[in-house]
Amino acid sequence: MRICFWGDIASAINGNTKGGGQLQIALIAKLLAQSGHDVVILDHETDSDYNTSEGIRIVKIKGWDDGFKMIRTFTHRLPQLYRSLIDAKADIYYCRIRDFRHILAFWASRKCGGKFVLGIASDLDVADFNTRWKYTYTVHLHSMWDLVNGILSEVVYPFLLKKADMVLVQHEGQRISLEGKGLASTIQYNLLNCENLPDGSDESHNEFVYIGSLDKRKGFRELVSLIKMAPLYKYKIVGQPRDKTAALLFQELKTFDNVELLGRLSHSETLLVLSGARALISTSRWEGFPNIFLEAWALGIPVLSMYVDPGGIVEMNKLGFVAKGDYKKMLTAMSETSYSEEFKVKSVNYVKSHHAINSERISGLDCLFRNILGND
């Protein structure tokens, strides 16, 4: 069975992850290749065609940077992407991360007699327009492309949700949201490769750690407010500002003796910081199923979330605390939270049962994609 993915994915395959969505696509692609499927990734950022050690074919989308900048999306990029998708002649075209160009993969699937699978990458993908406007478009409209992609995605994405042969969601909350719109979906939990995780057993576990982009959607302003309310704790912040307000707050935090600003770190460096944390703090209002939550639990670190609880999993499995926007409750949870081996056993077992890559999970993913084609 041939399965086609497209996007800036090759870097994630090679260990240089640019985002959670790309990481999950890379993991899925690797596992499907491991199961013996012919996996093709069409990538516009790679320099050349090549095969990975897992047997994945990386194919460069030719002519991506040809043409004039203001119009080449329509004169060169869209036609070249569509040709590449057709040339892949895949049985399944898998798309993830909100983008109007996924409609080309849908059209290619119909032309080639294949199936189209749409993966949900964020709760915002299944939210209403007003919510996306507040937490996406007012935050990330930094260029004309962001505006064009946003407008066209609002038209295309509802169509793809209805026409996809299968919609894969990350947790029960997303499934219920789509069900309320009369749309069926299947839960496919985010995957986590637990190999080579750092051992934080010798760390002090004194600091609260925040990891992620520093902007409005991720709740950076709320994080700064929390730090000001609890000045006696120590904090480590991994990430860089992504808007003007965050840049000003970042500069303000530089004057705080109890805050260590680490900037952008490699994935391995980030996990090392996380492994020594007292807890991971999340102030984001909207996520999908954050990979950093899984990594924290795999390291035995509790998650203290101001808003996000994917599918109610944090509260249901007692993997930390969700304040539901209440600062007082968040501060109480911070005072009552500490690293413990007992919690580590519980959180690691949760990750192993639902997210860790193992033979059972590889087999399940293989069966899921075979069933899309109606194959046993």
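At 43% relative accessibility, K134 counts as partly exposed, a class lying between buried (under 20% relative accessible area) and exposed (over 50%), with a 1.4 Å probe and protein chains only. K134 is found in helix 5 (residues 129-140), where helices (H or I, at least four residues) and strands (E, at least two) are DSSP runs numbered from the N terminus. Its C-alpha atom is separated by 40 Å from that of T52, 82 residues apart along the chain. The model is predicted, and local features need pLDDT of at least 70, side-chain atom pairs count only at pLDDT 80 or more, and totals for chains, interfaces and linings use all residues. Residues are numbered from 1 along each chain as its sequence is written, and side-chain values use heavy atoms, with hydrogens and water left out.

An open sheet of 8 strands shows mixed pairing in the order 3-4-2-1-5-6-7-8, two strands being paired if DSSP finds at least two bridges between them. Its edges are strand 3 (50-51) and strand 8 (186-187), each of which pairs on one side only. Strands 3 and 4 run antiparallel and are joined by 2 bridges; Y50 has I58 of strand 4 as its bridge partner. Helix 3 packs on the sheet and touches strand 1 (2-6), strand 2 (38-43) and strand 5 (92-96), contact meaning heavy atoms within 4.5 Å. The direction of helix 3 makes about 165° with that of strand 1; axes are lines fitted to C-alpha atoms, for helices over the stretch in contact, and angles run from 0 to 180 degrees between N-to-C directions. Helix 4 (residues 102-111) also packs on the sheet, touching strand 1, strand 5 and strand 6 (115-119), and its direction makes about 155° with that of strand 6.

Within strand 1, C4 is buried at 2% relative accessibility. Not counting residues up to four places away in sequence, C4 touches V40, L42, L85, A88, A90, I92, Y93 and Y94. The C-alpha atoms of C4 and D38 are 8.6 Å apart, although 34 residues separate them along the chain. In helix 10 (residues 267-275), the buried residues are T270, L271, V273, L274 and S275. Their cover includes strand 9 (208-211), strand 10 (235-238), strand 11 (259-263), strand 12 (279-282) and helix 11 (291-298).

The whole structure holds 18 salt bridges, each defined as a side-chain nitrogen of Lys or Arg within 4 Å of a carboxyl oxygen of Asp or Glu. One of them joins D49 to K62, with the closest N and O atoms 3.3 Å apart. D49 lies in the loop between strand 2 and strand 3 and K62 in the loop between strand 4 and helix 3, so this pair ties together parts 13 residues apart in sequence. D49 is partly exposed at 42%, as is K62 at 43%. In the salt bridge of D99 with R101, the closest N and O atoms are 2.7 Å apart; D99 is buried at 9% and R101 is buried at 11%. R110 forms a salt bridge with D165 at 3.0 Å between the closest N and O atoms. R110 lies in helix 4 and D165 in the loop between helix 6 (144-163) and strand 7 (166-169), so the pair ties together parts 55 residues apart in sequence. A network of salt bridges links R98, D125, R132 and E154.
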